[in-house]
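Morning, everyone. Let's look at a model together, starting with aromatic rings and then a helix contact.

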Amino acid sequence: TDRATILRDGVVAGTVNSKSAQHDDIVELILGKRVTLFQTDHRDLTDQPVRMGVRGLNGSTVRDVNLSLHKGEIMGLTGLIGSGFEEVPYLIFGANEAQSGEVWIDGARHALSDTDPHEAIGRGLALLPSDRLARAGVGSLTVAENATIQILGRFKRNQRIHWPSVNRWVHEQGIKYEVRPNRPELKLQSLSGGNQQKVLLAKWLQLAPRGLMLDEPTQGVDVGARQRIYEAIHEATDSGMSVLCASTDAEQLAQICDRVLIFSKGKVVHELRGADVTKEIITEHCLRNAAAARGRRRQMRVARVENNGPVETRRGKQGVLKALESVALIIGIAVLIGIFGFLRPEAFLSWTNISTMLGSQAVLVILTLALIIPLTAGDLDLSVAATLTLSAMVVAVLNVQREVPLALTAPLALAVGVVIG
């Protein structure tokens, strides 16, 4: 575009030149304040003890995944959608069933094939799913209920929940994480996506987990809320918490992660660390490995073809199949004519019936023949069928209803098609 107009709270906040405007200027107009984008230093924490390790993880997509997450480290998992990276947090947490694999948490070994979320929480793990209101929280419950569902026992008095204490605690957390509006009694679903995410993140961080697993943590979150979420995650790692972040957002991963693992076809195919953790390099490796995977699939198809007998035999079989495909419709129609002709020969095979059927299908046959030209030329678009239908209607209305001679209506219909293009 040449210009961009930004609205805030229903009022025009400003208009900028698209070519000269800076990213930060547009963000400032959107939020009404200057926002400093969070950026990690891509720390090298290999000298820290391993907080969580995964060995031989297998699920519906991932195959034999191994990874080690150091104390205080933020590791990103990414790839093209369907490459398997998004499955890993759910398998480790027990939200999805793992076929096999083991997890080490501070040296303690656990099998993943029979892990459930309750056990995972007991081991010090937390998971924040991407679907906030379906899997991460309950939209019909209040902010206070969602934020304290894991720690309600702390607020018991005389075997009852003391809600004033709950609301005070949640209000304090709202101030800490900049939740707006900071009203614990509101339904979670009434908040914006970014504020919902702050509440749900606070729910887990107040438990001080050993390992926090995130799936698309800032999906549908505005740029201002993103920075606060990034800061909160990074601040939590200062106390030793490790983070596993699955995301397709390369820019997000470059801002917060110390290391990034690239997935393709269910396996880790590359690791980025240090200065290589940038949006451009992450995107490049995701696309490059996807292209390499397609190349391997082509080679495998060629190998299978080479192992399946002589080329002439395969071509002969394929030729027979293609010939059958080309005449299948004709054979089907002939069979149906034979059946109805046998059952009602006096009605179905009469000249009156045949001429009626041919007349009713004549327009469709003509239109189908006309479509052969654009189909053969490879220049077909969605307007062809609509244009042909309009031209046919011009002929039908003028010739049948108005009794205009066909010699005049046919050229007029062609002209309509030419004008539309």
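**Rings and helices**

Phe-93 and Trp-204 are both buried, where buried means under 20% relative accessible area, exposed over 50%, and partly exposed in between, with a 1.4 Å probe and protein chains only. Keep in mind that this is a predicted model: local features need pLDDT of at least 70, side-chain atom pairs count only at pLDDT 80 or more, and totals for chains, interfaces and linings use all residues. Residues are numbered from 1 along each chain as its sequence is written, and side-chain values use heavy atoms, without hydrogens or water.

How many aromatic pairs does the structure hold? Two. Rings of Phe, Tyr and Trp (its six-membered ring) pair if their centres lie within 6.5 Å; planes under 30 degrees apart are stacked, over 60 edge-to-face, the rest tilted.

Take Phe-38 and Tyr-230. This pair is tilted, at 6.4 Å centre to centre and 50° between the planes. Phe-38 counts as buried, at 15% relative accessibility. Tyr-230 is buried too, at 1%.

Now back to Phe-93 and Trp-204. Their ring centres are 6.3 Å apart and their planes at 85°, so this pair is edge-to-face.

On to the helices. H7 (residues 193-205) packs with H8 (residues 223-237) at about 10°, axes 10 Å apart. Helices here are DSSP runs (H or I, at least four residues), numbered from the N terminus. Axes are lines fitted to C-alpha atoms over the stretch in contact, and angles run from 0 to 180 degrees between N-to-C directions.

Note on methods. Helix = DSSP H or I, 4+ residues; strand = E, 2+ residues; numbered from the N terminus.
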